[in-house]
Amino acid sequence: MRVDTTGKISLDHIYTEPDPRAYFGTLRSLGYAIPELAKPFFADLIQEYRDVHEVSVPTVLDIGCSYGINAALLRCDATMEELYDRYGDAKDADLDELLARDREWVSSRDSLKRTLFLGLDASAQALAYALQAGFLDSAIHADLEARDPTEHERERLARVDLVISTGCIGYVTERTISRIVAAHGDRKPWMAHFVLRMFPFDPVTESLAAAGYETVRHEGVFRQRRFATAEERSLVLDRLAAIDVDPRGLETDGWFYAELFISRPTKPRSRIE
């Protein structure tokens, strides 16, 4: 397997198929679990935002959403194993059959009808499936690492209440995050990012701080997936050593691990007249 510039194997091919069967087939073999581990934190944050801001229907932006996995898990109160089984058992179905089945699934199990999901991804194929299946309510096909959002994209980003991600930070940097924040003007969304330990979050934290945010690292770590090859393991351990992150008892056991960072706008200080 080819590795990319970060030392991870390249999985680009699983994000460009017309449906998510290759995605789930490949990631199941690697024990990919981070979206399910993230699910309760995202659900709690959505409810907290709704309560604090008295917003009846918050909009959630999922950066690097691929086929809308985070939205599917939240909407349908599903597990990764359930998703793996759904698509693993549908090897002979055609695209229309898959989409019809997923639309019916979302319609019958959607527990978050009072939440809108906006997906941001560079894969047009993944976004198209997520939209047609009903996992996402809307999507932006863009690479905000490479350019500013268009005026139409900026208007849609400006309506976002919460921003989430599970594993895209490292490929997505403070450039994308800053462009999303800038689209909001004075109104700032809450954020929750699950970030692999091999990718320092400091640049994003500093960029958000400059925009008026406070970022808190949640206690604990979260398994993402197994290393696919001995080469990947070796390259990732080298990268961790280079940034002074101790992998003992974690990555040395053969798994990627992520941390959770939650960012909220700082409360304005009271002005004494």
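Which residues does Glu 214 touch, not counting residues up to four places away in sequence? In this predicted model, where residues are numbered from 1 along each chain as its sequence is written, local features need pLDDT of at least 70 and side-chain atom pairs count only at pLDDT 80 or more, whereas totals for chains, interfaces and linings use all residues. Side-chain values use heavy atoms, with hydrogens and water left out.

With residues up to four places away in sequence set aside, Glu 214 touches Ile 262, Ser 263, Arg 264 and Thr 266, contact being defined as heavy atoms within 4.5 Å. Glu 214 is found in strand β6, where strands (E, at least two residues) and helices (H or I, at least four residues) are DSSP runs numbered from the N terminus. At 48% relative accessibility, Glu 214 counts as partly exposed, a class that lies between buried (under 20% relative accessible area) and exposed (over 50%), computed with a 1.4 Å probe on protein chains only. Between Glu 214 and Val 172 there are 42 residues in sequence and 20 Å in space, taken from C-alpha to C-alpha. Arg 217 also has its place in strand β6, which covers residues 213-217, and with a relative accessible area of 39% Arg 217 is partly exposed. Leaving aside neighbours within four places in sequence, Arg 217 is in contact with Glu 259, Leu 260 and Phe 261.

The packing of helices was examined next. Two packed helices are described by the angle between their axes and the distance between the axes. The axes are lines fitted to C-alpha atoms, for helices over the stretch in contact, and the angles run from 0 to 180 degrees between N-to-C directions. Helix α1 (residues 21-29) and helix α4 (residues 80-88) pack with their axes 9 Å apart and at an angle of about 125°, and α1 and α4 are therefore oblique to each other, given that angles under 35 degrees count as roughly parallel, over 145 as roughly antiparallel, 65 to 115 as roughly perpendicular and the rest as oblique. The crossing of α1 and α4 is left-handed, a term used if the near helix is turned anticlockwise from the far one by less than a right angle, with right-handed used if clockwise. In this contact Arg 21, Phe 24, Leu 27 and Arg 28 of α1 meet Met 80, Glu 81, Leu 83, Tyr 84, Asp 85 and Tyr 87 of α4. The residues of the contact of α1 with α4 divide into six nonpolar, no polar and four charged, where Ala, Val, Leu, Ile, Met, Phe, Trp, Tyr, Cys and Pro count as nonpolar, Asp, Glu, Lys and Arg as charged, and the others, Gly among them, as polar.

For helix α5 (residues 95-109) and helix α6 (residues 124-133), the axes come within 8 Å and cross at roughly 50°, and α5 and α6 are therefore oblique to each other. Leu 95, Leu 98, Leu 99, Asp 102, Arg 103 and Val 106 of α5 make this contact with Tyr 129, Gln 132 and Ala 133 of α6. By class, the contact of α5 with α6 has six nonpolar, one polar and two charged residues.

Helix α8 (residues 174-183) packs with helix α9 (residues 202-210) at an angle of about 25°, the axes being 9 Å apart. That angle makes α8 roughly parallel to α9, and the crossing of α8 and α9 is right-handed. The contact is made by Glu 174, Ile 177, Ser 178 and Val 181 of α8 together with Pro 203, Val 204, Ser 207 and Leu 208 of α9.

Aromatic rings were treated separately. Rings of Phe, Tyr and Trp (its six-membered ring) pair if their centres lie within 6.5 Å, and planes under 30 degrees apart count as stacked, over 60 as edge-to-face and the rest as tilted. By this rule the count comes to 16 aromatic pairs. The rings of Tyr 23 and Phe 24 have their centres 5.1 Å apart and their planes at 85°, so this pair is edge-to-face, and both Tyr 23 and Phe 24 are buried. The pair of Phe 194 and Phe 222, with ring centres 5.1 Å apart and planes at 80°, is therefore also edge-to-face. Phe 194 lies in strand β5 (residues 190-196) and Phe 222 in strand β7 (residues 222-226), so the pair ties together parts that are 28 residues apart in sequence.
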